[in-house]
Amino acid sequence: MPRLQPEPETRNGENGKTVVLLINLGTPDAPTTSAVRRYLREFLSDPRVVEIPRAIWWPILNGIILTVRPKKSAEKYAAIWTPDGSPLKTHTEKQAKLLRGFLGQAGHAVHVEYAMRYGQPSIPATLERLKSDGFTRILLLPLYPQFSASTTATAFDAAFAWAKTVRNQPEMRMVRSFPDNPDYIQALAASVRQHWKTNGQPGPSYRLIMSFHGIPTRSIKLGDPYRDECLTTGQLLAKELNLDETRYSICFQSRFGPAEWLQPYTSATL
């Protein structure tokens with residue numbers, strides 16, 4: 001049990017503040033081999049991300065992956081890096097800023113911040129800062145529409161691990177997932193329709209490919225709901241776009257390692 005740190009004495013009648021904390025996966029600090037190695041070490045050391053016994057995984061991670069992969073990945077990061085930094089970080093910052101303004105214009109006294117599960121700004125450091133700034137109600141909102149233990153759950157793990165070190169804990173609530181949220185589905189449909197408007201309405205041989213990030217099939221057998229939630233999103237999007245089963249495909253990308261991952265694979269589908 002972590003040792004609880006002393007905190008300032010609370011005052012009766014002190015009004016708390018509410019904040020929405022957007023949580024994204026994370027990014028290296030720079031497109032360099034050393035920064036990518038540091039990021040991958042944190043990411044791939046998470047037992048929820050790689051469900052392999054430590055005795056087997058540790059030599060593979062430290063002896064092979066962290067030796068070979070950082071340089072190759074750094075080159076790929078460098079190809080997409082912007083003057084403002086990592087695209088994931090800059091887009092997440094923008095999303096938090098725009099949501100903050102949207103909620104303010106709607107009359108909600110709610111602040112919005114963001115944190116990264118791996119890399120910076122970290123979840124524990126951000127939560128500590130928010131608590132110091134007087135926020136007593138925190139809504140954790142991982143930006144993963146479909147729940148998986150390797151994404152959503154590990155973000156909650158980091159938040160709860162921080163809470164274990166806090167004597168006067170803030171109220172924390174979570175958004176678990178939103179695969180069938182009508183506004184989310186309509187936003188996806190609007191994006192597809194905008195593409196059609198810009199590039200032309202598809203012909204009769206057109207097929208819409210909905211590609212989700214994959215996870216190992218073993219995770220599904222152990223009870224992970226991710227695949228079902230992806231199928232829910234895909235089917236609702238197809239319905240919103242009036243596509244029958246011959247006009248769309250749902251598949252999974254980004255397979256890593258020799259194990260079987262969710263199928264059909266995007267590359268094979270294409």
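1. The buried residues of helix α8 pack against α6, β5 (208–213), α7 (217–221) and β6 (248–253). Buried denotes under 20% relative accessible area, exposed over 50%, and partly exposed the range in between (1.4 Å probe, protein chains only). The buried set in α8 consists of Y226, E229, C230, L231, T233, G234, L237 and A238. Helices (H or I, at least four residues) and strands (E, at least two) are DSSP runs numbered from the N terminus. Contact, here and below, means heavy atoms within 4.5 Å.

2. The model is predicted: local features need pLDDT of at least 70, side-chain atom pairs count only at pLDDT 80 or more, and totals for chains, interfaces and linings use all residues. Residues are numbered from 1 along each chain as its sequence is written, and side-chain values use heavy atoms, with hydrogens and water left out.

3. On confidence, pLDDT is the predictor's confidence in each residue, from 0 to 100. The protein chain averages a pLDDT of 93, and 94% of the residues score at least 70. Confidence is highest in helix α8 (residues 226–240), with a mean of 98, and lowest in helix α9 (residues 266–269), with a mean of 94. Where pLDDT is low, the predicted coordinates should not be read in detail.

4. As to overall architecture, the protein chain contains nine helices and six strands. Its C-alpha trace spans about 70 × 55 × 40 Å along the principal axes. Of the 270 residues, 38% count as buried. Among contacts between residues at least 6 apart in sequence, 73% join residues at least 24 apart.

5. The surface of the protein chain amounts to about 16000 Å², of which carbon and sulfur atoms supply 54%. Accessible areas come from the Shrake-Rupley method with a 1.4 Å probe; for residues, only the protein chains shown count as cover. I52, I56, I60, I64 and V68 make a nonpolar surface patch of about 400 Å². One of these residues, I56, lies in helix α2 (residues 54–80). Patches are made of residues with over 30% relative accessible area and no salt bridge; like charges are joined within 9 Å, and nonpolar side chains (Val, Leu, Ile, Met, Phe, Trp, Tyr) within 5 Å.

6. After α8 comes N242, which has a positive phi, near 60 degrees.

7. Salt bridges number eight in a search of the whole structure. The criterion is a side-chain nitrogen of Lys or Arg within 4 Å of a carboxyl oxygen of Asp or Glu. Because E229 lies in helix α8 and R176 in the loop between β4 and α6, the pair ties together parts that are 53 residues apart in sequence. E229 is buried at a relative accessible area of 11%, whereas R176 is partly exposed at 39%.

8. D180 belongs to the loop between β4 (171–174) and α6 (182–199). With 47% relative accessibility, D180 is partly exposed. Its C-alpha atom is separated by 8.0 Å from that of E229, 49 residues apart along the chain. Not counting residues up to four places away in sequence, D180 touches I185, T232 and L236.

9. A second salt bridge joins the side chains of D46 and R117 (3.2 Å, N to O). This pair links distant parts of the chain, D46 being in the loop between α1 (33–44) and α2 and R117 in strand β2, 71 residues apart. Both partners are buried: D46 has 7% relative accessibility, and R117 has a relative accessible area of 16%. Apart from residues up to four places away in sequence, R117 touches I23, N24, L25, E42, D46, I123, T154, A155 and A158.

10. Strand β2 (residues 110–119), which holds R117, also contributes to a further salt bridge, between E113 and R129, whose closest N and O atoms are 3.4 Å apart. E113 lies in strand β2 and R129 in helix α4 (residues 123–132), so that the pair links distant parts of the chain, 16 residues apart. E113 is buried, with a relative accessible area of 15%, while R129 is partly exposed at 36%.
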